[in-house]
Amino acid sequence: MAMDLRQLRYFTAVARERNFTRAAQSLNIAQPPLSRQIQLLEEELGVVLILRKSRPIKLTDAGRLFYEQALQVLGRVDQMKDATRRVGLNRNRVLSIGFVASTLYGGLPSLVRKLRQNVPELDIQLLEMLSIQQIPALKEGRIDIGFGRLRHSDPNVVGTVLREERLVAALPQDTSLARDPAPLPLAALAGQKLIVYPKEPRPSYADQIINLLQEEGIRTADVLEVREIQTALGLVAADSGICIIPSSARQMRSDVRYRIIDSPRATSPVILNHRAGDTSRYLDLVKQLIRDMYAENPVWLEANNLRAPIAGEEGPGPSGR
């Protein structure tokens, strides 16, 4: 027989209670069928999950691993059901926003403040996640909108390029490259040690940077991959290499030097993603607030963008490059 969710719930109850009788009572079933389902589960897996002779019963190493994994699966199932009900019944009073860390230094904080002012009853949840993680999170209902930097071609997710943000080089202080305040030619990065993020999963912003240099025929001395932008900039401050970051993220550290990259191709898109066919009034409000915010041309927008923002243009997910 194939493993099912009922067996997972039975097993987690036994693992939690450490007793078959109490587990059966909590599940409101008789003990014999509970024991039988656990036995069938072990037979299918081909391993022993529970040491029944001990009092209270104990989990084997395999049982402990299976318990942790089962809790995650059941939790995701509950999240999926709740999200589906909210969307299907159009009662979504929770707006979950996925975002990449660098967008916190652009317009995202202003947008969230405006949302709270316009719909104070709305519960806004902010979830940091990489661009590539936002696409499945949208389709599974774990988030409602996402702000990322990775172009995609998924027909189930609409991607709107809000703007093309300048890229800057973060440089260790007291180095020859850091002393010159002028825009930095990409060719100046040849032979330098490059720090990129995130390390995984891929493709990611790291690939955008690596591809940019490869397409310009620029070879760096070495490439160090790290998990997040904070780590990358910390290593730059420690004179361990150079990192190319979105311009707005210059606010993150003051103990490194920043130079605008002197190339019209040295940009990174900020992309608003949402489910295709989503007619939520909150999504419409988000789009309108973004248009209003860009029309005001705030300092962070003018300073960090090479070209005029194109907020409001929509279509299917943009193709990757």
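A salt bridge here is a side-chain nitrogen of Lys or Arg within 4 Å of a carboxyl oxygen of Asp or Glu. Aspartate 61 and arginine 64 form one, with N and O 2.0 Å apart. The model is predicted. Across the whole structure, a search finds 21 salt bridges. The largest nonpolar core has 37 residues, and a second, separate core has 24. There is one cavity of 30 Å³ or more. The largest pocket holds about 340 Å³ of space.

**Salt bridges**

- Aspartate 61 and arginine 64 both sit in helix α4 (residues 61–88), three residues apart, so about one helical turn separates them.
- An α-helix has 3.6 residues a turn, so residues three or four places apart point the same way.
- Aspartate 61 counts as exposed, at 58% relative accessibility.
- Arginine 64 is partly exposed, with a relative accessible area of 42%.
- Glutamate 140 pairs with arginine 142 in a salt bridge, and their closest N and O atoms are 2.8 Å apart.
- Glutamate 140 is partly exposed at 34% relative accessible area, and arginine 142 is partly exposed at 29%.
- A network of salt bridges links Arg76, Glu140 and Arg142.
- Glutamate 200 and arginine 227 also meet through their side chains in a salt bridge, at 3.4 Å from N to O.
- That pair links distant parts of the chain, 27 residues apart. Glutamate 200 lies in the loop between β7 and α8, and arginine 227 in the loop between β8 (222–225) and α9.
- Glutamate 200 is partly exposed, with a relative accessible area of 45%. Arginine 227 counts as exposed, at 59% relative accessibility.

**Nonpolar cores**

- In the largest core, the residues with the most contacts inside it are Leu167, Leu189, Tyr197, Ile229 and Ile245.
- Two or more residues of this core come from each of β6 (157–171), α7 (176–179), β7 (193–196), α8 (205–215), α9 (229–237) and β9 (242–246).
- Helix α8 gives the largest share of this core, six residues.
- The second, separate core includes Ile124, Val286, Leu289 and Leu301.
- Beyond its neighbours within four places in sequence, tyrosine 197 is in contact with residues including Tyr205, Ala206, Ile229, Ala232 and Ile245.
- Arg227 and Glu228 are also among the contacts of tyrosine 197.

**Helix α6**

- Helix α6 covers residues 131–139, and its buried residues are Ser131, Gln134, Ile135, Ala137 and Leu138.
- These buried residues pack against β3 (94–99), β5 (145–148), β6 and β11 (267–275).
- Glycine 141 follows α6 and has a positive phi, near 80°.

**Largest pocket**

- The lining of the largest pocket has 23 residues. Val100, Ala101, Leu130, Tyr197 and Pro198 lie nearest the centre of the pocket.
- Helices α6, α8 and α9 are the elements that give two or more residues to this lining.
- By class, the pocket lining has eleven nonpolar, six polar and six charged residues.

**Largest cavity**

- About 90 Å³ of space lies in the largest cavity.
- Residues lining the cavity include Thr103, Leu111, Phe147, Arg163, Met293 and Trp300.
- The elements that give two or more residues to the cavity lining are α5 (108–118), β6 and α10 (281–295).
- The largest share of this lining, three residues, comes from α10.
- By class, the cavity lining has nine nonpolar residues, two polar and one charged.

**Methionine 252**

- Methionine 252 lies in the loop between β9 and β10 (257–260).
- At 18% relative accessibility, methionine 252 counts as buried, because buried means under 20% relative accessible area.
- Leaving out residues up to four places away in sequence, methionine 252 touches Tyr105, Ile229, Gln230 and Leu233.
- Methionine 252 and serine 102 are 150 residues apart in sequence, yet 9.1 Å apart in space, C-alpha to C-alpha.

Technical notes:
Residues are numbered from 1 along each chain as its sequence is written. This is a predicted model: local features need pLDDT of at least 70, side-chain atom pairs count only at pLDDT 80 or more; totals for chains, interfaces and linings use all residues. Side-chain values use heavy atoms; hydrogens and water are left out. A nonpolar core is a set of buried Ala, Val, Leu, Ile, Met, Phe, Trp, Tyr and Cys residues joined through side-chain atoms within 4.5 Å. Buried means under 20% relative accessible area, exposed over 50%, partly exposed in between (1.4 Å probe, protein chains only). Helices (H or I, at least four residues) and strands (E, at least two) are DSSP runs, numbered from the N terminus. Contact means heavy atoms within 4.5 Å. On a 1 Å grid over the protein atoms alone, a cavity is a set of points where a 1.4 Å probe fits but cannot get out, and a pocket is an open set with protein on both sides within 12 Å along at least five of seven lines; lining residues have an atom within 4 Å of a point. Grid points are joined across faces, edges and corners, and a volume is the space filled by probe spheres set on the points. Ala, Val, Leu, Ile, Met, Phe, Trp, Tyr, Cys and Pro count as nonpolar, Asp, Glu, Lys and Arg as charged, and the others, Gly among them, as polar.
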